[in-house]
Amino acid sequence: GTGAGVFMLSPFAGIITLGLGDTAASVVGVTFGRHKLCPNWHKSVEGTLANAGANLAGARVVWGLIGGGGAVPWTCIVVASLGAAALEAVTAQLDNAFLPLHFVALAQLTAAL
């Protein structure tokens, strides 16, 4: 089922959320970030959206490469991608320890619904 397939993304969660998402957030946020998420906060809407997009694209590519077992679970991937981007946007430290876990947990919870 979808839950088992989504679980196959787990080993790649770090690459997706940190290697792609966090990197995209940083590059886009520094280069194009004009709209701060909150006053006196260094993270931007543009960086957060880039993070979510990179997470989504990365998860989709990985799904195709690992042969995730059927149709792409778009709902799971979108929820996990947006959730990881949101967590990254509101944390100041230690997000690298939690982003991959958060991504996998959201994907699994969404698959279980």
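I first looked up which element gives most to the lining of the largest pocket in this predicted model, and I found that α2 supplies the largest share, with five residues. I then checked which elements bring at least two residues each to that lining, and noted α2 (13–32) and α3 (45–66).

For the lining as a whole I noted 13 residues, of which Ala-25, Ser-26, Gly-29, His-42 and Lys-43 lie nearest the centre of the pocket.

Next I turned to the fold, where I counted five helices and zero strands, so that the order I wrote down from the N terminus is α-α-α-α-α.

How does the radius of gyration of the protein compare with what a compact globule would have? I found 14 Å for the protein, and this agrees with the value near 13 Å that a compact globule of 113 residues would have. For the extent along the principal axes, I noted that the C-alpha atoms fill a box of roughly 45 × 20 × 20 Å.

I also looked at how the chain packs against itself: among contacts between residues at least 6 apart in sequence, 65% join residues at least 24 apart. Buried residues make up 41% of the 113 residues. My last entry concerns the surface, where the protein exposes about 6,100 Å², with 72% of that area supplied by carbon and sulfur atoms.

Conventions:
Residues numbered from 1 in each chain as written. Predicted model: local features only at pLDDT ≥ 70, side-chain atom pairs only at ≥ 80, totals over all residues. Heavy atoms only, no water. 1 Å grid on protein atoms, 1.4 Å probe; cavity = no way out; pocket = protein on both sides within 12 Å on 5 of 7 lines; lining within 4 Å. Helix = DSSP H or I, 4+ residues; strand = E, 2+ residues; numbered from the N terminus. Rg over C-alpha atoms; globule rule 2.2 N^0.38 Å. Buried < 20%, exposed > 50% of the residue type's maximum accessible area, 1.4 Å probe, protein only. Contact = heavy atoms within 4.5 Å. Areas by Shrake-Rupley, 256 points an atom, 1.4 Å probe, with all protein chains shown as cover.
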